[in-house]
Amino acid sequence: MNEMPEQLVAKLKKEINDVDDVKLNMIATEEGDVTLIYFSSLIEKMTLQTMVSIPLTNNMKQIHQMAQYVDPKDIQEVIKKLNSGQTLLFFHETNALLSMDTYSAPTRAITNTETESTVIGPQDAFTESLETNISLVRRRIQSAQLKNENRIVGSEANIKISIMYMDNIVNHKNLDDLRNRIDQVVFPLFTDISVLKQLIEDNPLSPFPQYYMTVRPDSICRYLIDGRIVMFMDNSQLAIVCPTSFFEMFVSIEDYYNRWTTASLLRMLRFFGFFLTIMITPMYISALTFHPEILPYELLLNLQESRSKVPFPPLIEVLFIELIVEVLREAGSRMPAKVGQTIGIVGGIVIGTAAVQAGLLSNILIVLVATSALLSFLPPIFLMSNASRFVRYIFILSAGLFGLFGQMLAFAWLIHHLLSLKSLGTHYMTPGIPRNPTDLLDNVIRFPINYLTKKSGISRAQKKTTEEK
């Protein structure tokens, strides 16, 4: 290496101009002067002292054993190592440039999850640290077959992601497909892995999430053993599972901790609750606007009595109360937790009561909308709850225009859309239309654990059963 120290320092200063947290400290050692270059925001002083400064003055052999040589001519690689929290050591006498991994930025401690809490089972959740999340998985799967590949995404921000899989189980065609999709992504900044998820989905225009997202390590491990591929991103708490089926959006990891009877009951509640939440208010519109004959006479009288003072047609009435619910939900989620809960409860009661007394809404519709809102929160995946909210408006407009016929058209579109969706090239409705007949044993009804010995068909795993070595 014949590049002079002054030239290297000049290039570095040009690249890191106006970056105040870059530090250049010179230390005298037995091998001559050494300049330390690092980001003070990514490295704690104690870590720098114990790993670099003290060994430089007392044990130079340790430095050469732990450090890696870097080409000082590759200035972009030098900048990348600085941004990743490494400390660069430039030896003035030999013009050698070394790097040491000293990243020690503060990270959030492992805590309980607030979005996927369970009564039974582990309570830890992923954090925003990529290394911490990988360690939580490796604590549960202590196997040499558990592989992880690190990649860099983001044309401007250079964010690290990690792809994890069981090498002896995963379908390598799925793995190659995912790698190709990630390589083709061009995007400047990924603030969360959910942004990357939208860019690698088979159908980005669909309202339905095509990959499973969770913050629970136990859930991720179950999918890894089943032959799925998992992705993590640095600075993101969520993990992505692919491929994923529509039915798995209604499966909670707690289902496997409960008895099969309880798990099956809860799954049926979540699954059929999804269709109820998109059907209840449209049915109200259809019955009152086009098909009053489908209601019992006593119920029809009650509905007519409750709507006697309402000046709007059922379609406008439903859209009005749905909009109020959306406003309350959004306002509650954007405010501090205690204030948000108060606004959601008090606001709903006050506005609902006042609207009925003012003759703007019928009291029966308030009950239906409240029930529909509760049903939308049953899926354990929040993105599926959002999907049901969007689809509900399609059914409401169809019912308002064409009644039950419109609802059936909307339902036919929904089924066709779900059947045409794919997740990483695999049909989204698996195992409703199973690749393997045994998929039906772990579907809407969950059979006892000792029957669940086959890998799911959607994973296309190398191993077909849990007993294979």
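User: What average pLDDT does the protein have, and where is confidence lowest and highest?

Analyst: This is a predicted model, and the protein averages a pLDDT of 86, with 93% of the residues scoring at least 70. Confidence is lowest in helix α1 (residues 5-15), at a mean of 67, and highest in strand β9 (residues 229-233), at 96. Where pLDDT is low, the coordinates should not be read in detail.

User: Why is α12 called roughly antiparallel to α15?

Analyst: The axes of α12 (residues 314-334) and α15 (residues 382-402) come within 10 Å and cross at roughly 165°. Angles over 145 degrees count as roughly antiparallel, so α12 is roughly antiparallel to α15. The crossing is left-handed.

User: Which residues make the contact between α12 and α15, and how do they divide by class?

Analyst: From α12 come Leu315, Val318, Leu319, Glu322, Leu323, Glu326 and Arg329, and from α15 Arg389, Arg392, Tyr393, Ile396, Leu397 and Gly400. The contact has 7 nonpolar, 1 polar and 5 charged residues.

User: What makes β6 and β7 a pair of strands?

Analyst: Pairing needs at least two bridges. Strands β6 (residues 146-153) and β7 (residues 159-166) have 8 bridges, in the antiparallel sense, so they pair by that cut-off. One of these bridges joins arginine 151 to isoleucine 161 in β7.

User: How many residues lie between β6 and β7 in the hairpin?

Analyst: The hairpin has 5 residues between its strands, and glycine 154 in the turn has a positive phi of about 95°.

Technical notes:
Residues are numbered from 1 along each chain as its sequence is written. This is a predicted model: local features need pLDDT of at least 70, side-chain atom pairs count only at pLDDT 80 or more; totals for chains, interfaces and linings use all residues. Side-chain values use heavy atoms; hydrogens and water are left out. Axes are lines fitted to C-alpha atoms, for helices over the stretch in contact, and angles run from 0 to 180 degrees between N-to-C directions. Helices (H or I, at least four residues) and strands (E, at least two) are DSSP runs, numbered from the N terminus. Angles under 35 degrees count as roughly parallel, over 145 as roughly antiparallel, 65 to 115 as roughly perpendicular and the rest as oblique. A crossing is left-handed if the near helix is turned anticlockwise from the far one by less than a right angle, and right-handed if clockwise. Contact means heavy atoms within 4.5 Å. Ala, Val, Leu, Ile, Met, Phe, Trp, Tyr, Cys and Pro count as nonpolar, Asp, Glu, Lys and Arg as charged, and the others, Gly among them, as polar. pLDDT is the predictor's confidence in each residue, from 0 to 100.
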